[in-house]
Amino acid sequence: MLDVSYVEVKGSEFNVLATAGDSNLGGQEFTNSIFELISPNLDEICVQGWQTKSQFMNKVKKYCEDAKIKLSSVKEYELYFDIPKDIGIDRDSVFEYTIT
């Protein structure tokens with residue numbers, strides 16, 4: 001797949017002249033791919049059914065979105081966040097994953 005935008009730049013003004021391809025490329029699909037990448041690791045440190053905890057899921061999806069944005073400007077990004085006590089297998093669980 002390819003997503004292309006033809007943009008005219010004058011000073012600080014951007015004018016999109018044309019677009020073609022998959023406009024979702026790099027969007028929500030990329031965020032979902034990061035989520036799918038880290039989910040098996042979360043399975044190892046979280047209680048069964050962690051995916052049904054909506055508040056935790058929203059935070060994880062936000063962390064994945066943040067990672068996607070950071071990866072647009074860096075080659076490597078470390079996801080690092082605390083796992084709530086009611087979701088982690090251990091009391092003080094921390095999730096760490098490096099995306100390259």
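These legends go with close-up views of a predicted model.

Local features are taken only where pLDDT is at least 70 and side-chain atom pairs only at pLDDT 80 or more, while totals for chains, interfaces and linings use all residues. Residue numbers run from 1 along each chain as its sequence is written, and side-chain values rest on heavy atoms, with hydrogens and water left out.

**View 1. Tyr63 and Phe81 stack across distant parts of the chain.** Rings of Phe, Tyr and Trp (its six-membered ring) pair if their centres lie within 6.5 Å; planes under 30 degrees apart are called stacked, over 60 edge-to-face, and the rest tilted. That rule gives five aromatic pairs. One of them is Tyr63 with Phe81, stacked at 4.4 Å centre to centre with 15 degrees between the planes. Tyr63 comes from helix 2 (residues 54–71) and Phe81 from strand 3 (residues 77–82), 18 residues apart. Helices (H or I, at least four residues) and strands (E, at least two) are DSSP runs, numbered from the N terminus. Phe81 is buried at 3% relative accessibility, whereas Tyr63 is partly exposed at 28%. For these labels, buried is under 20% relative accessible area, exposed is over 50%, and partly exposed is in between (1.4 Å probe, protein chains only).

View 2. Phe95 is buried, at 2% relative accessibility.

**View 3. Phe35 meets Lys61 through its ring and Ser39 through its backbone.** Lys61 lies over the face of Phe35, 4.6 Å from the ring centre; a charge sits over a ring if NZ of Lys or CZ of Arg is within 6 Å of the centre and within 35 degrees of the ring normal. The backbone oxygen of Phe35, for its part, is 2.8 Å from a polar atom of the Ser39 side chain. Ser39 is in helix 1 (residues 28–45) and is buried, with a relative accessible area of 13%.

View 4. A salt bridge here is a side-chain nitrogen of Lys or Arg within 4 Å of a carboxyl oxygen of Asp or Glu, and the whole structure has three. Lys68 is buried at 14%, while Glu65 is partly exposed at 23%.

**View 5. Lys10 and Glu8 form a salt bridge.** Here the closest N and O atoms are 4.0 Å apart. Lys10 is exposed, with a relative accessible area of 57%, and Glu8 is partly exposed at 31%.

Technical notes:
A polar contact is a pair of N or O atoms within 3.5 Å; within protein, one must be able to donate a hydrogen and the other to accept it, and residues adjacent in sequence count only if both atoms are side-chain atoms.
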